[in-house]
Amino acid sequence: MTMLTIDNLHAEIDGKPILKGLTLQVNAGEIHAIMGPNGAGKSTLGYVLGGRPGYEVTEGSVTFDGEDLLDKEPHERAAAGVFLGFQYPVEIPGVSNVQFLRESLNAQRAVRGEKPLSGAEFLKVARAQADALGLQQDMLKRPVNVGFSGGEKKRNEMVQMGIIDPKFAILDETDSGLDIDALRVVGDGINRIMRRPDKAVLLITHYQRLLDYVRPDRVHVLADGRITRSGGAELAHQLEREGYAEVAA
Amino acid sequence: MSVLDLPSNREEAWRWADLGGIAAAAALAPVARSEAQFLDLPGAKLLFVDGELDQGASELHRVSVGAIAPGDHPLGRRAARGWTLRLDARAVADPVQIVHVATGAENHLGAAIELGDDSVAQVIEGFVGAGWSNRSTSVRLGRGARLSRAVRLTQAAGFVSLRDEIVLGEAASFVGTVLAAGDQGARVDAALTLAGEGGYAEFGGALLTRDRLKQECAVRVRHAEPNGQSHQLWRAVAAGQSQASLAAAVEVARHAQKTDGEQSLRGLLLDRTATVNLKPELEIFADDVKCAHGATVGELDARALFYMQSRGIPAARARALLTHAFVADALDRIADETVRAAFAADAAAWLERAL
């Protein structure tokens, strides 16, 4: 079943075109990797799907679960089941991880007409996810990402994903800044949380190494604002061997 | 004394004072008396309506009400009556709560707090209603005495002016917090003097303004003796076309060595039409001192807003959470949990209205 359909998407920042006719379809149960050189528009794709202000869609459409995704506010996209994992998770002084995540989860539940989780119920879920991802419990009480190392921030993104339990995750360079051990933990987290018949993932990455842990069903090359090539998992290895210039051309 | 018998804005210490706002508040028509609410704490509870004690609604305990020597400050000299809290050495008093209700026009009230050596007191004041409420408070702390004072301004209209003159003896401690979270203008005018060695003073808070209101603090801390510590932590949040101004000065006398003074002034603009003025000021005549100061004005972090929205938090709620986090550290200094929670709730209610 089709979960996400991107059709001829054009988007610009400050009048500068970045995405230039991107078309892509992701089915439930699939993990897709988007690879490409720096400046190809990988992160822009993530932000456009997430609804970040300043990223203007000038043409094309995005349909998620049969609904127009671009018509929704960012928080409504989250409630619809879309999760955006950030390349650079933001520090929020004065707001604790626990408060932030409980607010997030309960705001999403409210939109879906579900009852809010109590503090105790929420803590149980949060602790389980933190344990599974090797994030120390006391980091849940600390302000969001403040004083976290690069690796801890990325683990924290995965803890958030585990707690929110989305239908569809767009993970923007989740592997950057991770050492080998952390890469395995994060890879296992993605598999555990998202590898389900009713879920899907768009994995945006520059390097092939995360794909050793999270095996993609499809690999796409994004160059100059559009998908120039698609293939199976073996395409990632070919890219690693031969480089983007050769393969994407 | 006429309402406008006040210094002009040309005087540096009155540069951001809203003299027109005071005059307008003093001319406010009578309004119905609003409900006075005391926190669930033991101790004295005083209700003043337009500066007059409501005997029936008050429990004085150790507090007395009567004539008070007016000072010579342009605001403070207007009050000839007021309340007094006097503690003997080593006394520990239950909290003193005071609610000031204004029903229009102007009212003036003084206060004197005199704590003997090693005594401990806590004072909590609140302002509700409408009109110009003018207060003059003089505080004298004996050796090792400790006072914490928390003041919240939640009038629906008008103006509140506070003039505080605080003198700390040797090793005395004063922790003062002011929260302006109502729809009134405000001037927090204070002079703190660390007159004994090793005094500790914290004075700070949060001014939350919206519409066309003007609120300001003008605080001067004077270190007259060595080994003193002072912290001034102020936060200003301005929405609409309002103006919030923070002027905080530290003065270190020539022989007040080993002084540790800190100033943190931060402003947050919720709208581009609002104004925040910051003026940190240091006058240091001693050579072995530590005086840290920081002053910044900005808007809410757009990246943090989007990050929160991407997790499902609606934009208005995300703004409220970030703004609350911005003022939280100024209110976290209130040690009493009941008081701190009440102040945090006032700030949250303001955000609810303003965002």
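Author: Two residues are in contact if their C-beta atoms, placed from the backbone, lie within 7 Å. The model discussed here is predicted.

Reader: What covers the buried residues of H4(A)?

Author: The buried residues of H4(A) are A:Ala126, A:Gln129 and A:Ala130. Seen down the helix axis, they fall within an arc of 100°, so they line one face of H4(A). Their cover includes helix H3 (97–111), helix H5 (138–141) and helix H6 (150–164) of chain A.

Reader: How far apart are the end C-alpha atoms of helix H4 of chain A?

Author: Helix H4 covers residues 119–132 of chain A, which makes 14 residues. At 1.5 Å a residue, they should span 20 Å. The model agrees, with the end C-alpha atoms apart by 20 Å.

Reader: Which strands stand at the edges of the open sheet in chain A?

Author: The sheet has 6 strands in the order E6-E9-E10-E3-E11-E12, with mixed pairing. An edge strand here has a single partner strand, so one side is left without a neighbour in the sheet. The two at the edges are strand E6 (82–85) and strand E12 (226–231) of chain A.

Reader: What is the bridge partner of A:Phe83 in E9(A)?

Author: E6(A) pairs with strand E9 (residues 168–172) of chain A in the parallel sense, over 4 bridges. In E9(A), the partner of A:Phe83 is A:Ala169.

Note on methods: Residues are numbered from 1 along each chain as its sequence is written. Chains are lettered from A and ligands numbered from 1 in the order in which they are written. This is a predicted model: local features need pLDDT of at least 70, side-chain atom pairs count only at pLDDT 80 or more; totals for chains, interfaces and linings use all residues. The expected span of a helix is 1.5 Å times one less than its number of residues. A residue is buried if 20 or more other C-beta atoms lie within 10 Å of its own, exposed if 12 or fewer, and partly exposed in between; C-beta atoms are placed from the backbone. The arc is that of the directions from the helix axis to the C-beta atoms. Two strands pair if DSSP finds at least two bridges between them.
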